[in-house]
Amino acid sequence: PTVFDVQRIRADFPLLTRSVHGKPLVYLDNANTSQKPESVIEAVNAHYREHNANVARAVHQLGEEATAAYEGARDKLARFINAPSRNELILTSGTTQSVNLVAYSYALPRLQPGDSILTTVMEHHANIVPWQLVAARSGATVKAAPIDERGELIVEKYIEMLTPDVKLACVTHVSNVLGTVNPVREIARECKKRGIALLVDGSQAVPHRPVDVQALGCDFYAITGHKMLGPTGTGALWARREHLEAMPPFFGGGEMIREVRFSGTTFAAPPHKFEAGTPNIAGFVGLAAAIDYYESVGFAAIHAWEQNLLAYVTERLREIPGLRIFGEAAEKEPVISFLLEGAQASDMATLLDLQGVAVRSGHHCAHPLMQFYGVPATLRASLAFYNTREEIDAFIVALLKVRKLLM
Ligand code: PMP
């Protein structure tokens with residue numbers, strides 16, 4: 001087998017060399033946001049130093065360069081998730097904006113009293129609250145499919161809940177708390193049979209696995225750039241052309257129009273119809289560099305390394321008495337939630353931080369999931385392909401120290 005040269009990878013991430021509270025940083029909060037390679041940082045920097053101008057408006061050289069870079073990022077993102085057309089890819093500020101766009105432009109105009117939107121108990125609030133907001137405006141309701149104790153979606157239940165009142169079905173591809181990978185293809189097949197559109201939250205999938213929206217068979221796929229090595233404030237929504245043509249714009253303003261008259265305005269074709277105002281141009285230049293980086297490493301190598309790390313951290317955590325792991329699905333991405341009996345998650349995160357270990361504590365924007373497990377919060381270690389087995393050892397040593405302090 002080829003050896004994964006993690007030290008060579010780490011050398012590309014300047015932040016990973018810093019220390020925290022006098023200790024070498026062990027960054028295990030990657031599901032929250034990833035660190036950025038030099039090439040991404042440099043691409044953003046070079047954009048502002050050499051090419052900065054607004055997009056689409058200017059015919060001068062810089063305007064053309066900025067437009068080419070921004071539209072080039074769209075091409076790259078479309079290829080990255082195998083969208084059938086670049087015109088089906090709307091650039092947004094992240095998953096939250098992508099989901100809200102679908103909520104207000106696709107769902108709201110279709111919802112009647114008595115209709116519903118189906119989501120699941122394991123969703124991030126970004127795939128719950130927008131549906132509640134449009135449900136409240138239309139008299140519709142939000143239903144949530146259940147999960148089991150292992151943190152797997154009960155797929156038969158989800159399918160059973162795809163009744164005629166459901167106007168849109170939603171599911172996360174990968175849980176940000178449990179790491180569970182959901183069977184999106186199967187769900188998409190069942191939605192299609194019933195003529196129900198399916199939205200997939202891909203935030204936690206794209207950093208770890210190759211995504212092919214055509215093979216998945218969904219209708220909408222939302223992603224965020226900052227969890228996949230890119231700058232904050234970048235993301236995308238892929239949607240089938242027929243949906244985009246039927247959807248009214250959500251934001252109005254410059255860039256999204258064909259002709260504006262007080263007697264009536266006509267709109268640009270998708271994707272520009274949904275991109276009002278000046279976008280995060282430099283951010284998308286950085287995101288394009290992030291995709292290049294993923295492609296240079298390759299998802300096969302990334303997957304093998306991350307699964308190796310996940311198995312190792314799971315095994316080491318299981319050795320600790322009184323430690324409860326949340327989420328033991330058969331197929332997982334490298335995210336693990338846990339609690340130590342008798343200790344507060346936030347106290348533990350603070351004490352871990354003092355030893356240089358960055359994990360997240362809290363509800364992870366997933367209140368219904370916390371309610372399901374009957375806990376207010378968990379600790380979450382989330383890995384990236386630049387993490388090492390030595391960092392996991394350091395994390396476990398720190399955790400055992402914390403345990404001693406708190407017990
Ligand atoms: N969905 C999931 C599963 C997430 O993990 C996150 C980020 N934690 C989001 C949605 C929201 O992403 P953003 O804040 O970048 O819009």
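Trainee: Which residues come nearest to the ligand?
Mentor: The ligand has 14 residues around it, and those that come nearest are Gly94, Thr96, His124, Asn176 and Thr224; a residue is near a molecule or strand if its C-beta atom, placed from the backbone, lies within 6 Å of it. Keep in mind that this is a predicted model, where local features need pLDDT of at least 70 and side-chain atom pairs count only at pLDDT 80 or more, while totals for chains, interfaces and linings use all residues. Residues are numbered from 1 along each chain as its sequence is written.

Trainee: And how does that shell around the ligand divide by class?
Mentor: The shell has 11 polar residues, 2 nonpolar and 1 charged, with Ala, Val, Leu, Ile, Met, Phe, Trp, Tyr, Cys and Pro counted as nonpolar, Asp, Glu, Lys and Arg as charged, and the others, Gly among them, as polar.

Trainee: Switching topic, how is the protein divided into domains?
Mentor: Domain 1 takes residues 6–30 + 298–406 and domain 2 takes 42–295, with bounds that come from an automatic or database domain assignment.

Trainee: At what angle do helix 12 and helix 14 pack?
Mentor: Helix 12 (residues 345–354) and helix 14 (residues 389–406) pack at about 125°, their axes 10 Å apart; axes are lines fitted to C-alpha atoms, for helices over the stretch in contact, and angles run from 0 to 180 degrees between N-to-C directions. Helix 12 and helix 14 are therefore oblique to each other.

Trainee: Which residues meet there, between helix 12 and helix 14?
Mentor: Asp347, Met348, Leu351 and Leu352 of helix 12 meet Ala398, Leu399, Val402, Leu405 and Leu406 of helix 14, a contact of 8 nonpolar residues, no polar and 1 charged.

Trainee: Last one: where does Pro271 lie?
Mentor: Pro271 is in the loop between strand 12 (266–267) and helix 10 (281–297), and the peptide bond to it from Pro270 is cis, with omega near 10°. Likewise, His21, in the loop between strand 1 (19–20) and strand 2 (23–24), has a positive phi of about 50° although it is not a glycine. As background, most residues other than glycine have a negative phi, and most peptide bonds are trans.

Note on methods:
Helix = DSSP H or I, 4+ residues; strand = E, 2+ residues; numbered from the N terminus. Parallel < 35°, antiparallel > 145°, perpendicular 65-115°, else oblique. Contact = placed C-beta atoms within 7 Å.
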